[in-house]
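Hello,

Here is the structure I promised you. Please open it first, then read my notes below.

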Amino acid sequence: MEKQPRLLASQLLLKNSLFEVSLNRVLLTWKEIATKKKRVSGGIHHPFKVAGPRSAAAALAWIASLCRVNWMAHNLASEFFFMSWLTFFITSHGTSHGVSVSEILAVRELDVDCGTKDDGRWQKMPQKSTEAYPYAFTVSYVERAWQHRWRCSDVTFHCLEGALCQQWVQTIREQLTALTSRPKHLLVYINPYGGKQQGERIYEQKVAPLFTLASISTHVIVTEHANHARDHLRTEAELKKYDGVVCVGGDGMFSEMVHGLVSRTQRDNGVDQNSPEEKLVPCTLRIGIIPAGSTDCICYATVGINDPVTSALHIIVGDAQPMDVCSVHHNNTFLRYSVSLLGYGFYGDMLADSERKRWMGPARYDFSGFKTFLTHHYYEGTVSFLPATDILGTPRDKTRCRAGCFICQHNGQLYSEDAPEICETDPDVSDSEYKGGWRVIRGKFLAINAASMSCACPRSPKGLSPAAHLADGTTDLILVRKCSRFNFLRHLLRHTSKYDQFDMTFVEVHRVRRFRFTPRYCQSDSELDLRENGKRLFSQICRDHPACSCSPAYSSWNCDGEILPHAAIEVGVHCQLIKLFVRGIEEQPVFEDLPSPCVV
Ligand SMILES: CCCCCCCCCCCCC/C=C/[C@@H](O)[C@H](COP(=O)(O)O)NC(C)=O
Ligand SMILES: Nc1ncnc2c1ncn2[C@@H]1O[C@H](COP(=O)(O)OP(=O)(O)O)[C@@H](O)[C@H]1O
Ligand SMILES: [Ca+2]
């Protein structure tokens, strides 16, 4: 890391011990410099905390071995060197901290006599430090907790002089103001009926106080009906006033935000959404999700956990993660956008059944999932797709899409430089395997799933397609052919275990840029009601297949939790069309025996 000029350095009191506190442009550090018991080390600074043995005896042996190597190799070890390292190790144990400026949430001055000045949170000061160090300021920062959770932590420093205290507060505030990616004004939509119907409570109790702490102003709308947020965003909202939009709810609520924002952007730029080949204009406003839904797949797969406080903190620090969006068309008519799962067969039938059981809350998916599994319907049709051949990565990779993903950056660059050619050849139902770059597969399917991201959620922590990428311009098309109930159960259960759900003879997976599906008994344009169609064609299929298991002709498409009105669809991926207030799943830090936050 490039060495940044130091902005401030002072000796401040923290928890009755004297600390050397310094701030440069990227890091706030505080390090114990003296106590009655411990000696001060003479200017030995090491950028990272030494991860070593815990007990003093083990430390001695470990450091001695380090010195021995140095002695033999470089003849550098001296008693002074040895003692300095030793002192460093002891004094730094648990008392040397660093917080990246980008993860400071707020700073506020404390009135030591009366408590906190400007945020209404009152803190009692320890008597001893009040006498000796009468001025104080508190820094709130992000602390990493277990399983990708973030929490807000406070540290209070005490100063001898008021001017010094003010200088610290002012300098930190200046550094925070310089972080231009942070939102200042947000438009928030709360779905009071999502998930366990806790949206309003979650926002008021867990999120609003954090936004206030970080001086973010909000305009909050509690939705009154389905599509309220979508329509408000698409037509009414004064988007220029905001740095981002936030939804409190589940994947359905997020889908409303995507539809509102993407449609608005296309309309403002004169783009026709009805044309499947049209290149869409990316949205500039970022979207934040405070999870309060049933599946929370978008949140889980982009943050690593569905936790409202964690998501609020990612919004405050101004994270940005681009994401692919699929457009779904039927006969050159726009139907919907999809960000996570497009599922025909199993997931479509499960959703159709679960919609009638909304009163059950999130448990409806378990109930309907089990019921759908027992019905074991398969569907005939033709899937044609345009494989993504020019990209890095495959659906069977062992690597995962994580924060700062190289594959997303590389493939995104590829897409913007050289937008993939849309093949004009009509991939009609045909016996040939390839037609104009398209592959055509006919068959009987228990499930056809397109996952444009992993679709990890608490029910399936690795997701429908564990190696899928958030922003690589592709979707993973998973075809599950007709098989026995036992084998299908094995496939489903592998979503929840470490075993590969694609390593089965009746399952295939392709990374694609576009795909089309046509059911075998294709309905005419005027016949829109799938259910009626299904019933009418049922008897026809039975006539065609005397020994059939009486599967209906059509399933429905589950498009991010919404039922589509058509079975015949055409899908195209739009690379990095939207941005979220997240950074992708962070690699879990190796804590060893270190306290968080990152220790320097
Ligand atoms: C018999 C054992 C079955 C175990 C299978 C576990 C696989 C679960 C994978 C679920 C993938 C979900 C992808 C996300 C979809 C959401 O958009 C959608 C809507 O979510 P919402 O109700 O808005 O939170 N939820 C569902 C279940 O379709
Ligand atoms: N005020 C409201 N009343 C009824 N439905 C709503 C309201 N606001 C949003 N919705 C709809 O509720 C559905 C489910 O919302 P969501 O927040 O995704 O919860 P869940 O994850 O439980 O499905 C969405 O399709 C959304 O359009
Ligand atoms: Ca993708």
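Which residues do ring pairs link into a cluster? They are Trp30, Phe137, Tyr141, Phe157 and Trp168. Rings of Phe, Tyr and Trp (its six-membered ring) pair if their centres lie within 6.5 Å; planes under 30 degrees apart count as stacked, over 60 as edge-to-face and the rest as tilted.

A word on the source. This is a predicted model, where local features need pLDDT of at least 70, side-chain atom pairs count only at pLDDT 80 or more, and totals for chains, interfaces and linings use all residues. Residues are numbered from 1 along each chain as its sequence is written, chains are lettered from A and ligands numbered from 1 in the order in which they are written, and side-chain values use heavy atoms, with hydrogens and water left out.

**Aromatic pairs**

The whole structure holds 14 aromatic pairs. Phe137 and Trp168 are stacked, because their ring centres are 5.7 Å apart and their planes lie at 15°. Phe137 is buried, at 0% relative accessible area (buried means under 20%, exposed over 50%, partly exposed in between, with a 1.4 Å probe and protein chains only). Trp168 is also buried, at 0%. Phe346 and Phe488 pair edge-to-face, with 5.3 Å between centres and 75° between planes. Both Phe346 and Phe488 are buried.

**Ligand 2**

The shell around ligand 2 takes residues from domain 2 (182-319) and domain 3 (329-572), so the ligand lies between them. These domain bounds come from an automatic or database domain assignment.

Best wishes
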